[in-house]
Amino acid sequence: MNGINKVILAGRIDQGPFTSHGSNGLHIARIDLITTESYINKEGDIVKNEQQKHQLVFFAQAAEYVSKNLRKGMMILAEGKLKHRLWKDDFGNEKPITEVSCNHVQIISADKIADEISSDDISRAVRMAAKR
């Protein structure tokens, strides 16, 4: 049996989209996504305890969609696979990077200030993505 490399993230866009074109002319878009994990304490209060930043990259038609429709602050669901690679900084030093190469994105909320998105809304979107 082969392994599975599938990532599904729901979070807010922190930076981007940043767009470019590859050496072959392929459209590329990158965004930084922030995910926040939370839990309910004994008093019934929601406690946000950890944020993670994820680098997402989109290619071709997905990149065009991202560059035209996504903006900082939007809540999105992104699906793709984990990729590890090396890149060179301005001094020629190779640096490792881990990013999610995405093949699907869905806007959950375009409202930049709404934090009222329920976990049920996110769970429903994740279940739909997992069925693909």
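Trainee: Glu79 first. Buried or exposed?
Mentor: Glu79 is buried, at a relative accessible area of 6%. Buried means under 20% relative accessible area, exposed means over 50%, and partly exposed lies in between, with a 1.4 Å probe and protein chains only. Some ground rules. This is a predicted model, where local features need pLDDT of at least 70, side-chain atom pairs count only at pLDDT 80 or more, and totals for chains, interfaces and linings use all residues. Residues are numbered from 1 along each chain as its sequence is written, and side-chain values use heavy atoms, with hydrogens and water left out.
Trainee: Which residue forms a salt bridge with Glu79?
Mentor: Lys6, with the closest N and O atoms 3.3 Å apart. A salt bridge here is a side-chain nitrogen of Lys or Arg within 4 Å of a carboxyl oxygen of Asp or Glu. Glu79 sits in strand E4 and Lys6 in the segment before E1, so the pair ties together parts 73 residues apart in sequence. Lys6 is partly exposed, at 36%.
Trainee: How many salt bridges does the structure hold?
Mentor: Six. One joins Lys53 and Asp32, at 4.0 Å from N to O. That pair links strand E3 to strand E2, 21 residues apart. Asp32 counts as buried at 10%, while Lys53 is partly exposed at 45%. Asp14, Asp32 and Lys53 are linked in a network of salt bridges.
Trainee: New topic. What do the strands build?
Mentor: A closed barrel of five strands, in the order E1-E2-E3-E5-E4, with mixed pairing. The twist averages 40° from one strand to the next. Helices (H or I, at least four residues) and strands (E, at least two) are DSSP runs, numbered from the N terminus. Strands pair if DSSP finds at least two bridges between them.
Trainee: In what sense do E1 and E2 pair?
Mentor: Antiparallel, over seven bridges. Gln15 has Asp32 in E2 as its bridge partner.
Trainee: And where does H1 lie?
Mentor: Across E1, E2, E3 and E5, at about 70° to E2. Axes are lines fitted to C-alpha atoms, for helices over the stretch in contact (heavy atoms within 4.5 Å). Angles run from 0 to 180 degrees between N-to-C directions.
Trainee: How many residues has the largest nonpolar core?
Mentor: It has 17. Such a core is a set of buried Ala, Val, Leu, Ile, Met, Phe, Trp, Tyr and Cys residues joined through side-chain atoms within 4.5 Å. Those with the most contacts inside it include Ile13, Phe58 and Leu70.
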